[in-house]
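Student: I should like a close look at one part of this structure, namely the packing of its helices and the core between them. Please take me through it in one connected account.

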Amino acid sequence: NLKVQGITPFVDAARIYALAHHVEATSTSGRLEGGVREKAFEQSDVDAWMEAYHFIQLLRMRNHRQQAEKGQPLTNHIDPDTLNELDRRILKEAFRQARKLQSKLALEYQL
């Protein structure tokens with residue numbers, strides 16, 4: 001599920017860091033960039049996270065377009081085996097970036 005397992009980790013982490021560091025931005029990218037300004041993140045990490053986030057969004061929109069063209073209901077589920085090799089590799093790296101951000105969040109905010 002591209003939305004739950006791909007997009008949500010970035011959105012949720014950006015929201016938590018924005019609250020913790022008083023970043024007023026409302027978009028995911030604005031919140032992550034605000035984290036750089038507040039010294040919570042390195043710019044290189046945010047660049048990688050945003051590339052991953054945007055790639056997953058691109059796959060979601062492409063999948064929705066294909067489903068709409070076929071008259072199918074729109075879903076966020078995609079079979080990785082239907083992707084070409086390059087997209088599959090990039091998606092795998094995008095999920096790795098999501099895990100990296102989640103791990104950072106878990107380390108900093110563990111109870």
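Tutor: In this predicted model, residues 24 or more positions apart account for 58% of the contacts in the protein chain with a separation of 6 or more. The chain holds 4 helices and 0 strands, in the order α-α-α-α along the sequence. Its C-alpha trace spans about 45 × 25 × 25 Å along the principal axes. Of the 111 residues in the chain, 38% are buried.

The core comes next. The largest nonpolar core has 25 residues, and Phe 10 and Phe 41 touch the most other members. Two or more residues come from each of helix H1 (2-20), helix H2 (28-37), helix H3 (43-69) and helix H4 (85-108). H3 gives the most to this core, with 8 residues.

Leaving aside neighbours within four places in sequence, Phe 41 is in contact with Tyr 17, Leu 32, Gly 35, Val 36, Val 46, Trp 49, Leu 101 and Lys 104.

Ala 40 lies in the loop between H2 and H3. Buried residues are those under 20% relative accessible area, so Ala 40, at 11% relative accessibility, counts as buried. With neighbours within four places in sequence set aside, the contacts of Ala 40 are Tyr 17, His 21, Gly 35 and Lys 104. Tyr 17 is 23 residues from Ala 40 in sequence, and the two C-alpha atoms are 7.9 Å apart in space.

Two packed helices are described by the angle between their axes and the distance between the axes. H2 and H3 pack at an angle of about 170°, with their axes 9 Å apart. Angles over 145 degrees count as roughly antiparallel, and H2 and H3 are therefore roughly antiparallel to each other. On the H2 side, the residues that meet H3 are Thr 28, Ser 29, Leu 32, Glu 33 and Val 36. Their counterparts in H3 are Gln 43, Val 46, Asp 47, Trp 49, Met 50 and Tyr 53. By class, this contact has 6 nonpolar, 3 polar and 2 charged residues.

The length of H3 can be checked. At 1.5 Å a residue, its 27 residues should span 39 Å, and its end C-alpha atoms are 39 Å apart, so the two values agree. Just after H3, Gly 71 takes a positive phi of about 75°.

The buried residues in H4 are Asp 87, Leu 91, Ala 94, Gln 97, Ala 98, Leu 101 and Leu 105. What covers them includes H1 and H3. Gln 97 in helix H4 is one example: its relative accessible area is 7%, so Gln 97 is buried. Beyond neighbours within four places in sequence, Gln 97 is in contact with Phe 10, Ala 48, Trp 49 and Ala 52.

Technical notes:
Residues are numbered from 1 along each chain as its sequence is written. This is a predicted model: local features need pLDDT of at least 70, side-chain atom pairs count only at pLDDT 80 or more; totals for chains, interfaces and linings use all residues. Side-chain values use heavy atoms; hydrogens and water are left out. A nonpolar core is a set of buried Ala, Val, Leu, Ile, Met, Phe, Trp, Tyr and Cys residues joined through side-chain atoms within 4.5 Å. Buried means under 20% relative accessible area, exposed over 50%, partly exposed in between (1.4 Å probe, protein chains only). Contact means heavy atoms within 4.5 Å. The expected span of a helix is 1.5 Å times one less than its number of residues. Axes are lines fitted to C-alpha atoms, for helices over the stretch in contact, and angles run from 0 to 180 degrees between N-to-C directions. Angles under 35 degrees count as roughly parallel, over 145 as roughly antiparallel, 65 to 115 as roughly perpendicular and the rest as oblique. Ala, Val, Leu, Ile, Met, Phe, Trp, Tyr, Cys and Pro count as nonpolar, Asp, Glu, Lys and Arg as charged, and the others, Gly among them, as polar.
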